[in-house]
Amino acid sequence: MEIRTRFAPSPTGYMHLGGLRSALYNYLFAKKNGGKFLLRIEDTDQSRFVEGATEVIYSTLRNVGIVWDEGPDIGGDFGPYVQSERKDSYLPHALQLVESGKAYPCFCKKEELDARRAECEARGEIFKYDKHCLHLSKEEAKRKMESGEPYVIRLNVPEKGEASFDDVIYGHIAVDCADLDDMVLIKADGMPTYNFANVVDDHAMRITHVMRGNEFLSSTPKFNLLYDAFGWDKPVYVHLTNIMRDERHKLSKRDGDAYFEDYIKKGYLKEAILNYVALLGWNPGDEREFFTLEELVQAFSIEGLSKSQAIFDVNKLTWMNAEYIRMLSQEDFTAHALPYYKDAGIDHMDKSILQKILQPRIETFVQIPELVDFLTAIPEYELELFTNKKSKTDAEVSKAVLDMVLPLLESLPAWEETALHDALINLAAEKGMKNGTILWPVRIALAGKAVTPGGAIEIALLLGREEALRRLYIGRERLAAQ
């Protein structure tokens with residue numbers, strides 16, 4: 001049997017990290033077992049449809065390397081792969097169930113149902129449709145339908161017995177049919193409900209394994225009643241635990257930072273995000289934490305999925321992202337950093353020096369503008385910064401150092417790293433000073449900060465001869481005037 005999995009998102013906005021994880025696990029399982037991974041767009045709820053969201057789904061999956069074997073844009077043997085384009089297939093299936101007595105048309109108006117629901121709530125009861133229209137004769141129901149009276153089609157849930165299924169993670173789950181409502185299959189506008197279209201499409205597309213969030217656990221007994229009503233084989237169910245913000249709260253769209261796009265905009269690498277998401281609810285069975293997508297395919301197994309809620313730890317993601325940044329080549333680091341260089345106004349500066357000082361220090365690329373803000377405009381700084389016990393400098397020593405350094409640097413024939421380094425280090429040796437005693441006041445005068453990425457020499461190179469000397473003169477004048 002060929003393994004066939006699917007990711008079936010609704011086009012309602014950006015990609016939630018939980019959705020990305022579902023897509024990833026379905027993809028990994030199919031590829032690990034030589035099967036097919038399908039993409040299906042479930043857009044039956046037009047009220048939630050967001051323009052452009054389908055393209056976001058495509059671009060996000062492709063961005064992280066999750067490529068589908070069948071889908072809306074590439075086709076396949078079981079299309080269309082967009083539910084709204086399959087609309088004509090659902091009503092015949094529902095009418096087939098009506099004909100067999102497994103479903104029935106319901107003509108109850110919304111106002112009537114709202115009134116009954118209010119009565120139940122007033123009695124402290126949970127509302128469940130009372131099968132009112134099930135008792136209409138076939139002739140009466142047919143007459144109403146042919147006359148154009150609005151109706152929905154409901155599943156005729158047995159009043160006795162149980163609906164059950166076996167889940168790979170949660171085991172056997174059974175629900176008393178008496179507790180289940182006669183769910184709507186076809187809405188009054190002729191569109192299928194999510195639950196009905198989901199089952200019909202999974203069967204039509206020969207899906208063998210359904211891997212999705214555990215919010216569908218309560219609906220799955222109803223899904224199985226539909227499979228039984230049609231006499232279809234059921235898929236293997238794998239319901240995934242939630243991704244939690246903490247022990248009590250799910251990672252929520254309302255709280256922000258729940259989307260893949262959020263973290264891309266914050267300067268996280270897509271490889272780090274995907275790697276971290278893979279570990280939210282799955283354990284490889286060893287101590288490894290870093291995986292390429294190809295390595296995840298080889299390592300993934302359903303047995304490694306957890307029953308425990310996965311806690312999203314942004315600090316762990318940030319640590320992992322920092323490790324990924326350290327592993328980038330100089331060229332790749334610069335390519336990722338360039339938009340942030342432009343934002344900071346330093347994209348004209350030496351990229352190799354910027355890479356040298358920033359790559360070991362940043363955790364996310366969005367940190368770059370703040371770290372290098374002193375390169376475009378020296379901040380207001382207190383003269384106390386020139387005092388540093390470790391390098392044995394104070395205002396008086398710093399002024400003396402700058403008095404020596406300025407003519408030395410002005411006379412350099414070439415403003416390049418070796419020349420700057422040798423001039424400053426040789427000066428320290430000549431004067432019997434520690435290197436830090438010379439370099440500290442130079443860096444403070446150049447940057448106006450006690451903590452900077454890169455030292456005095458790198459900063460001087462980035463600023464260039466004219467700006468570096470200008471800042472050194474300002475520092476000396478301020479020290480002389482105090």
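**Cavities, strand pairing and aromatic contacts in a predicted model**

By the rule applied here, the count comes to 2 cavities of 30 Å³ or more, a cavity being a set of points, on a 1 Å grid over the protein atoms alone, where a 1.4 Å probe fits but cannot get out. The structure is a predicted model, in which local features need pLDDT of at least 70 and side-chain atom pairs count only at pLDDT 80 or more, whereas totals for chains, interfaces and linings use all residues. Residues are numbered from 1 along each chain as its sequence is written, and side-chain values use heavy atoms, with hydrogens and water left out.

The largest cavity holds about 40 Å³ of space, where a volume is the space filled by probe spheres set on grid points that are joined across faces, edges and corners. Its lining is formed by S10, P11, T12, E42, D43, D45, R48 and F49, lining residues being those with an atom within 4 Å of a point. The second largest pocket contains about 340 Å³ of space, a pocket being an open set with protein on both sides within 12 Å along at least five of seven lines. This second largest pocket is lined by 17 residues, of which V98, E99, P105, K138 and A141 are the closest to its centre. At least two lining residues are supplied by each of α3 (87–100), β3 and α5 (138–146), where helices (H or I, at least four residues) and strands (E, at least two) are DSSP runs numbered from the N terminus. The largest share of this lining, 5 residues, is contributed by α5.

Strand β3 also belongs to an open sheet of 3 strands, which has the order β3-β4-β7 and antiparallel pairing; two strands are taken to pair if DSSP finds at least two bridges between them. Because β3 (103–106) and β7 (184–186) stand at the edges with a single partner strand each, one side of each is left without a neighbour in the sheet. The twist from one strand to the next averages 40 degrees, with axes fitted as lines to C-alpha atoms, for helices over the stretch in contact, and angles running from 0 to 180 degrees between N-to-C directions. The antiparallel strands β3 and β4 (residues 152–155) are joined by 4 bridges, with C106 opposite V152 and A103 opposite L155. Between β4 and β7 the antiparallel pairing extends over 2 bridges, and I153 has I186 of β7 as its bridge partner. Strand β4 is covered on both faces, since V152 and R154 on one side and I153 and L155 on the other are all buried, that is, under 20% relative accessible area, with exposed set at over 50% and partly exposed in between (1.4 Å probe, protein chains only). A103 lies 9.0 Å from A229, C-alpha to C-alpha, although 126 residues separate the two in sequence. A229 is found in helix α7 (residues 220–230) and, at 19% relative accessibility, counts as buried.

The bridge partner of S164 in β6 is A174.

The structure holds 21 aromatic pairs, defined for rings of Phe, Tyr and Trp (its six-membered ring) with centres within 6.5 Å, planes under 30 degrees apart counting as stacked, over 60 as edge-to-face and the rest as tilted. One of them joins Y14 and Y259, whose ring centres are 6.2 Å apart and whose planes stand at 70 degrees, so the pair is edge-to-face. Since Y14 lies in the loop between β1 (4–7) and α1 (17–32) and Y259 in the loop between β10 (243–244) and α8 (260–265), this pair ties together parts that are 245 residues apart in sequence. Y14 counts as partly exposed at 43% relative accessibility, whereas Y259 is buried at 17%. The rings of Y263 and F312, with centres 5.7 Å apart and planes at 55 degrees, form a tilted pair, and both residues are buried. One aromatic cluster is formed by Y25, W282, F291 and F300.
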